[in-house]
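Welcome! Please take a look at the sequence and the 3D structure below, and then we can walk through them together.

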Amino acid sequence: MPVTRPTSLSPDAVREAAEAAAKHAVVSESDRRLPPEVVVPVLAAGFARHFVPARWGGSAGTFRALLPAVATIGESCASAAWFASLAASVGRLAAHLPPEGQAELWQDRPDTPIVGALAASGTAERTPGGWRVNGQWPYVSGVDSSEWALVCARAADGERTEPRFFAVPRSAYGLGDSWFNVGLRGTGSNTLVLDGVTVPDTRSVVLAELLAGRAPGAEAPCHRVPMKAANGLTLTAPLLGAARGALRQWSGLARGKLLAPAAAITGSADRTPYELTLARSDGEIDAAALLLDRVAGVLDRGVVDPVLTARNGRDCALAAETLAGAVDRLLRSSGSRGQSDSEPLQRFWRDVHAGAGHSGLQFPPVASALVRATGSLDGP
């Protein structure tokens, strides 16, 4: 009989995870990490296994399925959505490990929570059969809830040095309590520390393989996608949901003003400023969603050339800027009430700006990359 895999990202399970995220959003912020009451339903919904290869019981899913699921969580809590999106993304990257390493991560279950440290902040030296890895990696989102980590280090093998990824179990790394940012506080993006940890070759892969999208034995399109083509969507999908959550909160605040007697609306019956704010912000959020859907559609083809890789980066950065502008307008027009510590609108505003400020969503470098890739400035 064929093996029946758990359904990934079913609407009911995603909705339950979103409800749990909403219920614990304030606690997540104050504790600077997601509680188990949020982590467990997010994993149960299938985010961690979404891109895990089918041979390990994973869903080997699509980006077009992941985008709306992450956004649904983001409407309740951007930090929970950030965790969900990265849980899926790092699972896809781990599929580039040698098969023996993949087995260590997933042979027991495909829902293993894996976190990623993509900057080459550590060092590695050759040892017989493997590597000895040292370093500190800041900003590792969800690290408190992880069982494995995929970290990047500058690996020295004789005279050759190149960036490599290393998969290490939770027992091998320490944590530094370093996450005190203004937004996305619940992500618990603390520092991961490795002190002379030996990692076998079976749990290591060169960065170049991830950049090229060459996962061993790749069968699904999601395992043939270059890392740079997909990373922007991972970061922007939570912001789409958070912007929708901000619009919902703003609408609740503005509804009372719109329905109040004319004299209560700044002495005038003109509701145009509120209507313009609603229409423009809603339209900008829709425009960002269309850009991200195009990115997801490109990725689901499984064949992404350099021009499409660069365009995906541009589209995600532009979407992030657009979403940040929309929530800016919503907060400014909400009055003092919208800026209250107890008002979710200002939390969404902080979270969207924190996410849009990520180095992977800065517009100038991706804009330059697209122009260079297309040769738009080349002469005849």
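## Strands that pair

Two strands pair if DSSP finds at least two bridges between them. Helices (H or I, at least four residues) and strands (E, at least two) are DSSP runs, numbered from the N terminus. Strand S5 (residues 174-176) pairs with S6 in the antiparallel sense through three bridges, and Gly176 has Thr191 as its bridge partner in S6. Strand S2 (residues 130-140) also runs antiparallel to strand S6 (residues 190-200), joined by eight bridges; here Gln136 stands opposite Val193.

## About the model

This is a predicted model, in which local features need pLDDT of at least 70 and side-chain atom pairs count only at pLDDT 80 or more, while totals for chains, interfaces and linings use all residues. Residues are numbered from 1 along each chain as its sequence is written, and side-chain values use heavy atoms, with hydrogens and water left out.

## The nonpolar cores

A nonpolar core is a set of buried Ala, Val, Leu, Ile, Met, Phe, Trp, Tyr and Cys residues joined through side-chain atoms within 4.5 Å; buried means under 20% relative accessible area (1.4 Å probe, protein chains only). The largest core has 79 residues, and those touching the most other members include Phe47, Leu240 and Leu323. Helix H8 (227-259) is among the helices that each supply at least two residues, and H8 gives the largest share, 14 residues. Apart from this core lies another of 19 residues, among them Ala124 and Val199.

Which residues does Leu323 contact, leaving aside neighbours within four places in sequence? They are Thr236, Leu239, Leu240, Ala243, Ile285, Ala288 and Val352, where contact means heavy atoms within 4.5 Å.

Key:
Buried < 20%, exposed > 50% of the residue type's maximum accessible area, 1.4 Å probe, protein only.
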